[in-house]
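Hi,

Here is the structure I said I'd pass on.

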Amino acid sequence: MQRTSFRKSIFYLVLIAIAVLIPQIVESRYYMSVLNLASIYLILAAGLNIYLGYTGMMGFTQVAFWGIGSYASALAMINLKMPFWTALPFAALFTGLIGFLLAIPSMRRLKRFYLSVTTIGFVEITRLILENWESLTKGADGLPGIPRPVLWGIKFNTPHKFYYISLFFVIILTAFSYLLKNSRVGLAMQAIREDELAAEVMGVNTFRYKVLAFTLSAVYGGVAGSLYAHFVGYISPNVYVFQEAVTVLCMVLIGGAGYVGGPVIGALLLTIVPEWLRFMHEYKALVYGVAVVLMAVYMPKGILGATEQIRTRIRQRVFGEKNAPVYPGQ
Amino acid sequence: MEYILETKGVTKRFGGLVAVDAVDLQVSRGEIRGLIGPNGSGKSTLLNLISGVYLPDGGDVCFNGEQITRLAPHRIAELGIARTFQNNRLFLNLTIQENVMVGQHCRTKSELSQALFRPRSSKAEMLQTRRKAMECLDFVGLNRPPEFIVAGLPHGERRLLEIARALATEPEVILLDEPATGMNPSEKDRIVDVIRKIQEAGITVVIIEHNMPVVMGISDLVTVLNFGRKIAEGTPKEIQHNPDVIEAYLGEDDEEEGSSDAVEARES
């Protein structure tokens, strides 16, 4: 046990080291922008993973939280003259609060599909509010000229520099996902995913943990939103559309829902691979659709689920059928 | 004398059907209470009412003299009533150990901030939870690697695991819903041993069971339900000779038969 966890930490450290070195190697501003967007999607997907992967609820709200976080952060900086380093936590907390307020009535009353439909409604309502509250959000024209983050006199105004901010939050939030999953709270959430009634009867306050999971995913959405606003410098309501919610959902499902690494793999794949497929532009949607169908049929638990299955099979071959130790993936 | 668990005229209707009809049940501390009756007689519904899964339409449930009728199931578990389900409801994609650790949830305290900063107290609590889970698995005699995913477990061991998970909530009363169903004879013996051990540990047991040798063999008292009503209560011996019970199981019959055999005959 000790040795495997040691090996794992080495593996993660190497991954982080590679991630830190990327801007030194990649010169293209364009590719660095893609990586920044991938990081933002990764945070969105990691938030959805807590709600969908750990707690087992279906929802599309992530994109609405993304929008709320973007506007909250941008407006805090423009109107309240906050620096980025307070605007981002402000956006995260504000989005978390909205998530909390939405979760309380929804989790009390709704289950399964009804909950999903409610979240779709919430996405549309958020977009409409952003579009129509012109005195605050400037409506469909969007908010231009959102200031860039500044720290110790360094202005994070290029994709290369901004990447370090994105990476910082990716690491923090992924580490938090990991710690959460392996804690008492995370175990309770996974029990809810597996069997809500059984979890409740075993003494888990299911309502409370569902609200908590939803709120946390909102906080992740808020952070992603804030990063997006200050990275791109211009936001408008038509960024935060339902289709983006589906993209984030696919990232979680393709990477592996419930695995800490799932959103990481899913987000990187679904932002970088479409860039490679640019030459076959017209067929992009087709390739994408076929890939999702194939995944759903052959790897219902995503890429990480499939690799875990293969690993288990090998172990069973090696250790004999019956008492093969089965290790849950991280 | 005060009963550890008591229902007072508890009633549950599903549409026009009265599933449980004004049932009074008094269970004393430390006993094993058998709950029998033909299919659809309201046994499982009664357990659901006690554990808070259903809200009763009338009557009260009391635990240690305190009313628990309208409490949420997780509050009832916290107070000390644990249960298993008729058809296993395990957390299939979690490991054996994790399943039992969920049972410890209501006895531990670590919250979100502890998950984030991992103070020493929360690490110790996690270790303690793991240790407790292993104890419970030992108690029911389930020796598999703790990392084993439950989905790969055969039926008999799943039953034991459900009991271990319920025990991990450190209950005063445990409600077992047909624990021996679908088990082979040696597995049945194992379940009976486990239930005896539970009683020796000072935990009160209420058991629903269709297998007459099992339930008659271990129960101190047996309560019989039919069409949601309590029709008899007494020692296993009294119940086996009770004409109402025999009628409930076999229907009215002109022939006089060896009555205690008749109940068992239905079983085989």
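What should helix α13 (residues 284-298) of chain A span at 1.5 Å a residue, and how far apart are its end C-alpha atoms? The 15 residues should span 21 Å, and the end C-alpha atoms are 21 Å apart, so the two agree. (The expected span is 1.5 Å times one less than the number of residues; helices are DSSP runs of H or I with at least four residues, numbered from the N terminus.) The number of buried residues in α13(A) is 0, so this helix lies largely in the open; buried takes 20 or more other C-beta atoms within 10 Å of a residue's own, with C-beta atoms placed from the backbone.

Some housekeeping: this is a predicted model, where local features need pLDDT of at least 70 and side-chain atom pairs count only at pLDDT 80 or more, while totals for chains, interfaces and linings use all residues. Residues are numbered from 1 along each chain as its sequence is written, with chains lettered from A and ligands numbered from 1 in the order in which they are written.

On to the contact between the chains: chain B gives 35 residues and chain A gives 28, contact meaning C-beta atoms, placed from the backbone, within 7 Å. On the chain B side, α2 (73-79), α3 (96-103) and α4 (112-117) each give two or more residues.

Within chain B, helix α5 (residues 120-140) packs on helix α6 (residues 155-167) at about 135°, axes 9 Å apart. The axes are lines fitted to C-alpha atoms over the stretch in contact, and angles run from 0 to 180 degrees between N-to-C directions. B:C136, B:L137, B:F139 and B:V140 of α5(B) meet B:L160, B:I163, B:A164 and B:L167 of α6(B).

Cheers

Definitions and conventions. Two residues are in contact if their C-beta atoms, placed from the backbone, lie within 7 Å. A residue is buried if 20 or more other C-beta atoms lie within 10 Å of its own, exposed if 12 or fewer, and partly exposed in between; C-beta atoms are placed from the backbone.
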